[in-house]
Amino acid sequence: MKNILKSIFALTLLVGVSCSDDDLRKHDVLAQKNAIENQADPILLSTIITNSTLFYQNLGWGDSRLPSAAQVMMKNYQGGDNIYSSFKAPSDDLNNAMNMLKYVQVAIDRANERGSNTHVGIFKTFKVLMFSFMTDFYGDVYYSQALQGREGILYPQYDKQSDLYVALLAELDEAATLISSGNESISPTYDLMFGGDKSQWTKFNNSLKLRLLVHASAKLPNAAAQIAATAAKPLLSEDADMNASIAYEGTTSRNSWVGGSNNWGGTTGNEFVRRRPCKTLVDMLATYSDPRTSVWFAPIEKPWTTNIALDGVSFQTNSNGYNYTSTWEYVDLAVPANNSPEIQTQIANGNILDVDKKYAGYEAGMLGDFKNGNGHYNTADGGAYGNFKVSPWSNLFGQNSNALLKAQIMNKDEVQFMLAEAVTQGWIGGSADTYYRKGITYSLKRWGVSDADITTYLAQPIITLPGNKAGDLEKIATQKWIGLFSVASEAYLELRRTNLPDIIGNNNNQFPIRFRYPASELGQNKPAYDAGVATLLPAEDSQYAKMWLLQ
Amino acid sequence: MKKLLLFSLTFLFALSVWAQNRVVSGKVTDLQDGSALPGVNVVLKGTANGSVTDSDGNYSLSIPSSGGTLVFSFIGFKTQEVDAGEKTILNAQMTTEARGLDEVVVTALGIERSKKSLAYSISDVKSEDLVKGGAINAMKSLDGKISGVNLTSLSSDPTSSVLVNIRGNSLLPTLGGAANSQPLYVINGVPMYNSTASGNSIAAQNGVDFGNILSQLNPEDIESITVLKGGSAGALYGSAGGNGVIMITTKSGKGGKKGIGVSASVATTADSPYRFIKEQNQYGQGERADSWQYDNTDTYGPKLDGSFTGDFWNTKTQQWENGPQRSANEDRVKAYLQTGTTVTTNVNLDGNYDKGSFRLSVTDMKNTGVMPNTKTTQNSISFNSDYRLTDKIKITANANYVRTYSPNKANVTGSNSILNRLLFNLPTNLQPLSDMKNYWLTGFDGLLMNGAIQRDNGIDQSEPNPWWITNEQLNIFTRNNFFGKIQMDWKLNDNFSLLLRSGLNNLNENYEYRQSFGIQRLSNRPGSGDGAFNANTSNAFNVVSDAIISYNKTVSDFTFAAAAGVNYVYNSANSFYTNASALSTPNWFNTANAFPNKLTAGYDWSVRPQHSFYGTFDVSWKEQLFLGLTGRQDYIGNLSEEKINYFYPSVSASWLVNESFVLPQQFDMVKVRLAYANVGNGLINYRNIDTFGYNIPDWSGSVKTGTVSSTLIDPNIKPMSSVTKEVGLDMWLFRKKIMLDLTYFSKSQINQTGSVPVVPGSGYTSMTTNIGDVTNKGIEIGLTINPVKSNDWNWSVTGSFTHYKATMTSLSDQFLGSGGYYFANYDGKTMVKVAPGEVIGNIYEQNPILRVTSGKYAGMPLLDDDGKFQNSGAADRQQIGNYNPNYILGLNTTLTYKRFSLNMVGSFRVGGKYVSVNQQYMDSNGRSIESLSSGDNNPYWKGGRDASMGGLPWPAVGSSDYQEMNDYNDPNHNDNLNDAGYAKGVWLVPGSDASNDANYVVNGADPKNTFYDFTYNAFGDVIWNFAGLRSYDATNFKMREISLNYNLPTALATKMKLTNVNLSFIARNVFQWNKSGRNEDPETAFTNVAGTGGGAGAQGVLRATLPSIRSLGFKLSLSF
C-alpha cells in the first residue's frame, strides 16, 4: 500500500511540477523574439520600392479619384468621381503614407546600425517622396515631429508647408551624399527599380529634387538658381529604360496590375468595364493623331455612324496584338424623328457627341451612369455595366502583367518636360524644343510606339512649339499631361499648378485643389489640425482651400 | 453498444436470483404532514439489494430472515437507518434535512463548503433541471434558470455556441466585448483554459460557428453546474476567474444504490424554423418599374404581374428565354430551410461499492441541421471513478473523450452566408429554388455553374446558385477532445488533509474548406484557377496541477478552516494551416492541386507556464458569523525578461441572523453577506521594440518583401484589476415555501489594457496602454416559491431577475486625445462612443442627417444639390440605443401531479435596442415591404414605385425655377411613368444667406420646385447611410422549454425488470414574442461569430441570421 501511495504521489508531482526549460522552449522563444527585430538590407529595399510604387500606381490608376480629376479616366457606373464627389470626404491617404513611412524609418535605423550608407540614402529619398506627397496634397503636415512615438511624441505638430519644402530639399541633398558615400553593394535582384545601379539612384534623387523645385517654383525665393543647379546634375534620362518604376510579376494580387484577373477580373471584370477613357484625353490624342490612341483605348463596340450604308456593318481592329470587333449603328442626326424613340431621347438630351469615330471618350463632369455616355441606350442588350458607345480601355489594361505596364513613380519623359519648361521660364539655358521633343519621344517609346511612327508624329506641324512663352508653356504642359497618363497624381498636381492644358472647367464642377485631412487628425490631433487649417486660404479644411504652394 | 446492453442484462439477472428469506414491506411518509413519499430509496445496508417506494409511498424488499438495517434515503430528506430485526412490516417517517443548510456546494478549487457559510452569491443547477428540456447543449439548458447570468446563443441552431456573461460585460467596447469576457470553466476542479490555437472559446472558421468547446458537454453526464458570480467566489482562480467561474461537476457512481445500475435514455427532437422575415414578392430586378436591369440584384424593377416581358435564363431548361416574367412567389429562406432532427442516445453504467464507485457513460448525438446538407455528430465517453485505498485515502479518476464531426456546417452570419444571399441577392423574378436544384450546367458537372443570375454573355453567373453553395462550399470540422484528472484526497489526521490533483485537457481541431469550381469566369481560369481548398489543424494541450493542504479545527465556539496550495499550469498550443485559394484541376481537394502562387501555409506555436501560490482562511463563530479570506499570488511569463507576479486578495463575511436572534417561526433562515475581492488580469512584461514580418506571398520567386509591426507599448502600463464588492441577503420562509436571495454588486474593471489608435504621424497605428475603467453595478434576485405541496400535487415557481449597467468611469488622456471622446467603428454604419460617463452597450449612428439649425425650418433635413439627405458629421452623432436589456426575467415552473410533471422555462428580456442590417439591405435592394411605397405618414420621403404604389408624376422638363433642380430631374424625367418621389427636407438656394428663411425651398411643397428621384434612389439611399432609421426595440419573451414528464409506476416498471421508466415530451423555443413585432430574434444580433477582428462578437447588430427554430420531441429514460 505504501508503495502505491508513493508512486501516485510521485506521479502527480511529476506531471505537475517538472516542466523543464526544454519543455518551455525558452531558448527557442528567445531566439525567435530576437530574430524578428531585424531584417536584411535587400529586403528593406525591395519592400520600400514595392510599397511606394504600388502606392503611387494606386493613386495613378487603381483609385479613380485622381485619374478622374486629371480628366484621364471617367466612371460610367455610379460613384461621384466624375464630379469630384470623393474630394468632399476626408482622405485617409495621409495615414497610408505614414504606414509606409514607418517602415522607411525603421529601415533607415537598421541600415544605419549596419553602416549601409547607400541604403540609408536611398531610403531617405523615399522618405522625402512620401512626405512630399503628404504636403503636396494636404498642405501643412507633420514632418519634424513625425515618427517619434517611441520618443513620446504621440501628437506631432505640423510643419508649415513653406518650412517643409526647405527641409525636404535639404534631406534630399543629405540622401544624395549618403548614396554616393556608401561602399556596400546593392542587390541587383532586390533592387527591383534600378537593378543595383547606384548611379541611377543618384539620378532619381536629383530628378525628385527637380520635381519638388518645379512644384514650388512660384514660391521658393531662390527657385530658379536651385533648379539650375539641380538641372546640371545627373538626371533620369538617356539610359534605355531607367524610369522610377517597376515591372509587375503578374502572379499574385499584390504583384499584378490592378486591372488584371488577379484583381479586377480582367477585361470582363466589372471594375474594368465601369472605367472608361475620358473624352478630354481621347479628343486630345485625336487632335495630335497620336499613336498612343490604339495602345490605350479599345475601339467603340457599337460606334455611331451617320452613313446609313454602314448600319450594321462590322469591322475588326487589331492593335497591339489584341483583336476587337465593332459594329456601326446608324443615327440620323439631321432628322431625329427618323430614329427609334430611345435614340430620339438621347438626341434630345444632347447626349450623342461623337459620331463617325472609332474611338470616343466619356464626357468629363457627367454623373457616373452608363446611360450618360455618348447616347448609349440599349442596356437590355447587355450594355448594363458596359457602354457600347464609349471606348473601353484597351485589353492591355486588363492584363496582370505586361512589358508596357509598370508601377510608376516618375518617368524620364517627365524630367525632359520639366527641363523644357525650365528653359521656357528662363530658369536654365538651352533649347526648350530639344527637351520637349525628347520628352515626347521617351513617352511614345515607353508605350511601344515604333521609331518610324515617332518620327512621323514629331514631324507634324501641330507638334511644333509656337515660339511665344505662353504658347510654348501650353504645348509643353499638354504633352506632359499626356505623358503623365497613368501617373495621375503628378498629372493632377501639374494641372493644379499650371491650369494647363486648359481643361478644368469640367461641366461647371469646381476643381478641388487639395485633400481634406483624415478624420482621425480632427479627432485625435486637434491642436495640430487647427494650426494646419489656419494657414489655408480660406482657413477651413475644405478641398477648395489654398495651401501655401497655391497662395 | 449491444455488448454493453448484454453485459448489463446479465448483471440484472444475477441480481434477481439473490438468496431470499423474507419480504419486508411498508410505507414511507413525511413526518411533517404525513403525506406519502414516492421514490424513496430503500436499501439493505452493506448490500446492493434495494427498492424504491411507489406513488403511494409503499415498498417491498426481500431480505435475509433476520437482522439487517434498512437505509431510507431521499433528496431533501435526512437519510434514515432502521434496524429491521425480525419485522416484515416496517414503516418509516422521514424528516426534511435540517432546513437544507447542511447542503454542501463545491466552491473554487473544488473545496466543498456548507452553503450556509458562503458569503457570496452562487447559483447551482442540478442535473435533473439540466436534462428536463432535452437540450443537447448543457450551456443552452441553463438559460432562464439562474440570476445574474446572461446567456446568448449566437444563432438559433441547436448546435450553436452560447456566450455567457456573468454580471454583464465590463469591458470597454474597443476590447472585443462579450466574446472576450467569457467566464472560466472548471470541470471537476480542473480549469479548462481557453487554450485553443484560435485563442477563443468559440471555434469559428469562415463565419461558421462549430460550437463552444463547452457546448459539447452532454447534460446527461452533469451532476451539477455551479456559477461563481463575483470576484470573491472566483478569486482563488486569480486572473482567469475575473469574469466569473462556471464549475461543472460530472456524475459519478457515488450515492446510488449498491451494486451495478444501468440506465439508458433516448431523446429525439424535430427542429423546425418559423417566424420568417417578410419580403415583397411583387416587383423584380431593376431600378425603375419600366425596365429590367440585370447587372445587379436590386428589385426596384417592373411589376411581376406578367405585363412585362424580359430575357431570362431558365435554370430548369438551361436556356435563354424571353417572355413575361412572373414572381416566384416564395419566401426564399422558408423554401430553402428544412426540418432538422436531433437524436441523442445515452447509456450509462454505474457501480457503487464499499470501497468505491464508478460510472461509465456513452453518448451518441446526431443532428441534421435545418440548413440543407448540414450535419453534426458527437460521440462521447465519460468515465468517473473513486476508490478508497484506506479509510483515509481516496483516489478519484475521471476521463472524458468527446469527438465532434461535421461533414458540413454552413455559415449563418455575415455577408458570405447563404441566408444573406437568399434574403437580399436573389430577386423574386427568378425561378423558385426547386427549379434551381440542378446547379451544374448539363454536361459540365463540377465545371460550370448553372447560375441563378446570369450575365448577358451566357454562362458566366454573377450570383452563385444557392444549391451550389449548399453542396459545393463545404466546411468540414472534426474536434477530438480528451480531458480528465486524477486526484488523491488524504486525510492525514483529524485536522490535516492533503489534496493532490492533476488534470489535463488535450484538444485537437481539424478544419477543411472545399470549394468546387464555378466562381471564376471560364475566361479567367487559365490565369487564376478556380475553387479553393483550406486545411487547418490546431492542437492545444494543458496540464493543471494543484497540491493543497488543509487544516480544520474547532476550539470552543470557533471553527477554523485553512488551506494553502500551490498550482502549476502548463499550456502549449500549435496550429498549422494551408490555404490554396485556387485550384488547378476541378474536384481534387489537395494542396498538391493548388494553382501556381495560390498556396500559402503557416505554422504557429506557443508555450505558457504559470505558477501560483494561494491560501484560504475561514473562521466561524457559533455557526452564525463567518469570515473568509483568500489570497493568490500568480507568477506568469516564460522568459525571465517577461516574468512578473501579482497578488489577488479577497475577503468575505456573512451572518446567520436566525442563529443569533430568535426570529418569528416563519423565518427558516436569514443570512446577510458582504464580500470584496481584487483580482487582476495578468500582463507580462513586453518588449517595446519594432518587429519585422514578411509579406506572404513573396513579391516573386526570388524577391521577398517585409512588413513592420507598428505597435507601441506604453512604458507606464499597469496590470488590469477587477474590484468586486457585493452585499446580499438570503431568506427562507415558511418551511422553505419561499426562498429569496438578493445581491447587489459592483464590479470595477480598472486599468483595462488595450490597443488604442494613435495619430499615424507618431509612426504607430496603435499603442497598448491602459485605456480606462468601467464600473458595473447591478442587482440579481432569485426567488423560489412552493405554493402547493400535497400528496398528489406539487408546484414550484422559480424566478430570477438580473439587471446591470456598466459605465465608463475614467479614460486615459492618451486614448481620448484632446477631443474628450472617441468613436470606434462598430459595424460600418454604427459606432461606439468611448467617453467618461458612457454606458457600455450604447450604439451610435455613424452618419447623422444634416439638419437646419435655426430659423423657421430648424430640425428639418437640409438637402444637397441632388435633393438628398446629407451626412452632418461626427459632431452630431446620436445614440441609437443600448443593446443590453434593462433587465432579464427568468421564469421556471414545475407542476407535479402524482407521476406527471410539467416544467416550463421562459425568459423575458426587457429593454435594449438593436440595429437591423436586414432592414438596411432589404430596403436598399428593394426587398422590404417598406420599399414599395412611402405610405401616408412616412417622415423621410414621399413616393412609390409606380402610380399604383403612390408614385408621383414627373415635372415637365425645365419647369423648375432652379437650374439645380432641372439638372437633377430632367435626365430622369419620364412622362409615362409616375415613379417620382422625393426626400422630405429643405434646400438652401446656393450662394444665399442661410440665416434668411426666405432662401429655403421646402422639397415637395411646390411640385415643380422639388428634387425628384425614383424610389431606388429616393428611398434606398436614405436608409442605406442612416442607421438611426432602422433600430428596433429588443424586448422579447421566449418560451424556452416546455416538458411533460411521466414516470411509470414502480410496480409496472418492476414487471418489465426495470427500476424506473420515464417518458417526456419536450418542446423548446415554442414561441417568441417581440415587442417590435419583427420576425427577427434580437438575441442573435451579432455582427459575426466571435472570432477575429475588431467587430468580434459585436452585439446589437443583426444581419441575416437564422429564423427562430422550434424543437419538438420526446425522451425516454430507462434504468435497470
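Asn658(B) lies in helix α8 (residues 657–660) of chain B, where helices (H or I, at least four residues) and strands (E, at least two) are DSSP runs numbered from the N terminus. At 12% relative accessibility, Asn658(B) counts as buried; the cut-offs are under 20% relative accessible area for buried, over 50% for exposed, and partly exposed in between (1.4 Å probe, protein chains only). The side chain of Asn658(B) comes to 3.2 Å from the backbone oxygen of Asp668(B).

This is a predicted model, in which local features need pLDDT of at least 70 and side-chain atom pairs count only at pLDDT 80 or more, while totals for chains, interfaces and linings use all residues. Residues are numbered from 1 along each chain as its sequence is written, chains are lettered from A and ligands numbered from 1 in the order in which they are written, and side-chain values use heavy atoms, with hydrogens and water left out.

Another buried residue of chain B is Lys229(B), with a relative accessible area of 4%. Lys229(B) sits in the loop between β17 (222–228) and α3 (231–234) of chain B. Leaving aside neighbours within four places in sequence, the residues in contact with Lys229(B) (heavy atoms within 4.5 Å) include Ser121(B), Ile166(B), Arg167(B) and Glu780(B). With Glu780(B) there is a polar contact between the two side chains, at 3.4 Å. A polar contact is a pair of N or O atoms within 3.5 Å; within protein, one must be able to donate a hydrogen and the other to accept it, and residues adjacent in sequence count only if both atoms are side-chain atoms.

Chain B also contains a run of paired strands; two strands pair if DSSP finds at least two bridges between them. Strand β19 (residues 259–274) and strand β22 (residues 340–352) of chain B run antiparallel and are joined by 13 bridges. Ser263(B) stands opposite Asn348(B) in β22(B). β22(B) is in turn joined by 12 bridges to strand β23 (residues 356–368) of chain B, again antiparallel. A hairpin of three residues leads from β22(B) to β23(B), and Asn352(B) has Ser357(B) in β23(B) as its bridge partner.

In chain A, helix α18 (residues 488–498) is largely enclosed by the rest of the structure, because nine of its 11 residues are buried. Among them are Tyr492(A), Leu493(A), Glu494(A) and Arg496(A). The buried residues of α18(A) pack against α3, α4 (65–69), α6 (117–138), α8 (198–215), α14 (412–425) and α17 (469–483) of chain A. Just after α18(A), Asn499(A) takes a positive phi of about 55°.

The two chains meet where 77 residues of chain A are in contact with 79 residues of chain B. The area buried between them is about 6600 Å², of which carbon and sulfur atoms give 59%; buried area is the accessible area (1.4 Å probe) that two parts lose on being put together, summed over both. Arg150(A), Leu154(A) and Gln524(A) supply 11% of the area that chain A buries against chain B, more than any other three residues.

Five salt bridges are counted between chain A and chain B, each a side-chain nitrogen of Lys or Arg within 4 Å of a carboxyl oxygen of Asp or Glu. Lys102(A) forms a salt bridge with Asp690(B), with the closest N and O atoms 3.3 Å apart.
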